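I opened this model to look up a handful of contacts and surfaces. Here are my notes, in the order I took them.

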Amino acid sequence: PYLSHSTTYTFRVSATNAAGTGTASDAASVATATTAGAPTGLAATQGIGQVALAWTAPASDGGSALTDYTVEYSSDSGTTWSTYADDTSTTASTLVPYLSHSTTYTFRVSAVNVAGTGTASATASVATATTAGAPTGLTGTKGFAEVALSWTAPSSNGGAAITDYLVEYSSD
C-alpha cells in the first residue's frame, strides 16, 4: 500500500505457516519522507532580459533524494508569483530567460523530492539591464563638409556593455 508522507508508522511482523500465524515481533516505528528544507544562499545576477540564479541545496532532503527545484519569480515584489518552466534538474543554478528589460524581479527556489515541494528559500531581487544613460560633454569641431564629434561615455551602461553609439543630426 501507499503510505502518507511526513507520517510516522509503527510496524510489527508475524511469521505464518500451515499451523497459523506466530507471535508478533517487537514493534518498530519509521517515519516516511517529508518535504525538503529550504535552499539557502540564493543569488541573482543581472542580465539583458535574463537573470542567472545560483543557490545552495537545503541542509535536509527530508529523507528522500532531491528530484528537482522549483524556481519562481515575481515582477510585483512577491504579490504574485510565476513558475519558471525549466527542465527537471537537481543542479543548484539556472538561467531565467525572456524577462522584460528595466524590470526588477524577485526570485525564490524550493527543493522537490518524492514527498513534494519543500519550503521556499529566502528571496533575491535584481533588475534586468536597462538602456544606457546619456553621453555627456558633446562637442563638435567644424571641418570642410564634415564635423568631428567627441563626447564622454555615460556614467551608467544600464548593466550591459555599450556596443555602439547612435549619432543623429538635423539641418533645421
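**Ser82 and its surroundings**

I began with Ser82, which is in contact with Val71, Glu72 and Tyr73, leaving aside its neighbours within four places in sequence. Contact here means heavy atoms within 4.5 Å. Before going further I noted the ground rules: this is a predicted model, where local features need pLDDT of at least 70 and side-chain atom pairs count only at pLDDT 80 or more, while totals for chains, interfaces and linings use all residues. Residues are numbered from 1 along each chain as its sequence is written, and side-chain values use heavy atoms, with hydrogens and water left out.

Ser82 is found in strand 8. Helices (H or I, at least four residues) and strands (E, at least two) are DSSP runs, numbered from the N terminus. I looked up the C-alpha to C-alpha distance between Ser82 and Glu72 and got 5.4 Å, for residues 10 apart in sequence. Ser82 counts as partly exposed because its relative accessibility is 34%. The cut-offs are under 20% relative accessible area for buried and over 50% for exposed, with partly exposed in between (1.4 Å probe, protein chains only).

**The salt bridge**

How many salt bridges does a search of the whole structure find? It finds 1. The term means a side-chain nitrogen of Lys or Arg within 4 Å of a carboxyl oxygen of Asp or Glu. The partners are Arg108 and Glu72, with their closest N and O atoms 2.7 Å apart. They link distant parts of the chain, since Arg108 is in strand 10 (residues 104–113) and Glu72 is in strand 7 (residues 68–74), 36 residues apart. Side chains of opposite charge can pair when their charged atoms come close.

**The nonpolar core**

Next I went inside. The largest nonpolar core has 16 residues, and Leu42, Leu53, Trp55, Val71, Val96 and Phe107 have the most contacts inside it. Such a core is a set of buried Ala, Val, Leu, Ile, Met, Phe, Trp, Tyr and Cys residues joined through side-chain atoms within 4.5 Å. Strand 6 (51–56), strand 7, strand 10 and strand 12 each give two or more residues to this core. Strand 10 has the largest share, with 4 residues.

Not counting residues up to four places away in sequence, Val96 touches Gly49, Gln50, Val51, Leu53, Val71, Tyr84 and Phe107.

**Thr128**

Thr128 sits in the loop between strand 12 (124–127) and strand 13 (136–143). Thr128 is buried because its relative accessible area is 2%. I found two polar contacts for its side chain, meaning pairs of N or O atoms within 3.5 Å; within protein, one must be able to donate a hydrogen and the other to accept it, and residues adjacent in sequence count only if both atoms are side-chain atoms. A polar atom of the Thr128 side chain lies 2.6 Å from the backbone oxygen of Ser100. The backbone nitrogen of Ser102 lies 3.1 Å from a polar atom of that side chain. Beyond four places in sequence, Thr128 touches a list of residues including Gln46, Gly47, Leu99, His101 and Tyr105.

Ser77 has a phi near 60° and is in the loop between strand 7 and strand 8 (82–84). Tyr98 has a positive phi of about 60° and is found in the loop between strand 9 (93–96) and strand 10. Ser77 is exposed at 67% relative accessibility, and Tyr98 is exposed at 80%.

**A greasy spot outside**

Last, the surface. Leu138, Val147, Leu149, Trp151, Ile162, Tyr165 and Val167 form a nonpolar patch with about 630 Å² of accessible area together. Patches take residues with over 30% relative accessible area and no salt bridge, joining like charges within 9 Å and nonpolar side chains (Val, Leu, Ile, Met, Phe, Trp, Tyr) within 5 Å. Accessible areas come from the Shrake-Rupley method with a 1.4 Å probe; for residues, only the protein chains shown count as cover. Strand 14 (residues 146–152) gives the most, with 3 residues. Trp151 is in strand 14 and is partly exposed at 32%.
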